[in-house]
Amino acid sequence: MLRRSPGFIAALALAASLPIAVAHAADDGSRPAAGAAAAAGAAPAAPRVTRPGLFFKAEWKQTAKGGEHPLLPDSIGDPRLEFKPYVPAGEIVLNGSENDEGNPVHLWTGLCTSPCALALRDKNNFADLTGLARLRWNIKMSGLHQIHPIIKLADGTWLLGDLADGTTRDYLISEKSFADVHWIKLDIARVVTLGFILDKVDLSKVDEIGFADLMPGSGHGFGGFAGVAQIEVYGKPVAR
């Protein structure tokens, strides 16, 4: 029978205990576990992009007499807003009736004998139109007319968007993201575009927002005009 010395037995016991000791050493907090290391090396989650709230809603006020008439200082329903027509020749007028979906109170460009535009301005805030900022309006066209969004930046630069919008079928609400619009410089005095589509535009501080009809109107009756009822802009306010 093979006899083993007490020293040999002690050596075997020590060897058996070594893996356990090493395992405990790995978990004693001196180095991170595999899961913690992976978590530490992971990229931080991207911030969640949220839709901005309503910046303004422009609704037009009809007079007690109703019908077609020139724009008045109080033709805008929200006292926080001011508007300015840009009409080289002719005029933009107000027409329509309240509570009439087929003929709502609207701006009408049929008497513009040149390209014309109108822009709105919040008296207290610039608009931040970055991210998920968007435009919604209720419009109807006649003939081949379409309208384009226009903006005036805080530095005075005027731009017109390549988005052309409008249907002859009815007054319909459409909605577009400002991030999907490409911009070109606009000569607001003549309401004509200049140069080429810009590669990049900073929309973080916008002074005025509106529309342009780049075709002269045809006068009364159907032929060629744009009708623009409500205009809504969703963006972040930036104090002036």
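This is a predicted model: local features need pLDDT of at least 70, side-chain atom pairs count only at pLDDT 80 or more; totals for chains, interfaces and linings use all residues.

Trainee: How many salt bridges does the structure hold?

Mentor: The structure holds 12 salt bridges.

Trainee: Which residues are linked in a network of salt bridges?

Mentor: The network links Lys-57, Glu-59, Arg-134, Arg-136, Glu-175 and Glu-232. The side chain of Lys-57 meets that of Glu-59 in a salt bridge, with an N to O distance of 3.8 Å. A salt bridge also joins the side chains of Lys-57 and Glu-232, again with 3.8 Å from N to O.

Trainee: What does the pair of Lys-57 and Glu-232 tie together?

Mentor: Lys-57 lies in strand S1 (residues 54-58) and Glu-232 in strand S15 (residues 225-234), so this pair ties together parts that are 175 residues apart in sequence.

Trainee: Which of the classes, buried or partly exposed, applies to Glu-232?

Mentor: The cut-off for buried is under 20% relative accessible area. Glu-232, at 11% relative accessibility, therefore counts as buried. Lys-57 counts as partly exposed at 32%, and Glu-59 counts as partly exposed at 38%.

Trainee: Let us turn to Glu-82. Where is the place of Glu-82?

Mentor: Glu-82 is found in strand S3, which spans residues 81-86. Its relative accessibility is 32%, and Glu-82 thus counts as partly exposed.

Trainee: With which residues is Glu-82 in contact, leaving aside its neighbours within four places in sequence?

Mentor: With those neighbours left aside, Glu-82 is in contact with Ala-119, Leu-120, Arg-121 and Lys-123. For Arg-121, there is a polar contact of 2.6 Å between its side chain and that of Glu-82. For Lys-123, the C-alpha atom is separated from that of Glu-82 by 6.9 Å, although the two residues are 41 residues apart along the chain.

Methods:
Residues are numbered from 1 along each chain as its sequence is written. Side-chain values use heavy atoms; hydrogens and water are left out. A salt bridge is a side-chain nitrogen of Lys or Arg within 4 Å of a carboxyl oxygen of Asp or Glu. Buried means under 20% relative accessible area, exposed over 50%, partly exposed in between (1.4 Å probe, protein chains only). Helices (H or I, at least four residues) and strands (E, at least two) are DSSP runs, numbered from the N terminus. Contact means heavy atoms within 4.5 Å. A polar contact is a pair of N or O atoms within 3.5 Å; within protein, one must be able to donate a hydrogen and the other to accept it, and residues adjacent in sequence count only if both atoms are side-chain atoms.
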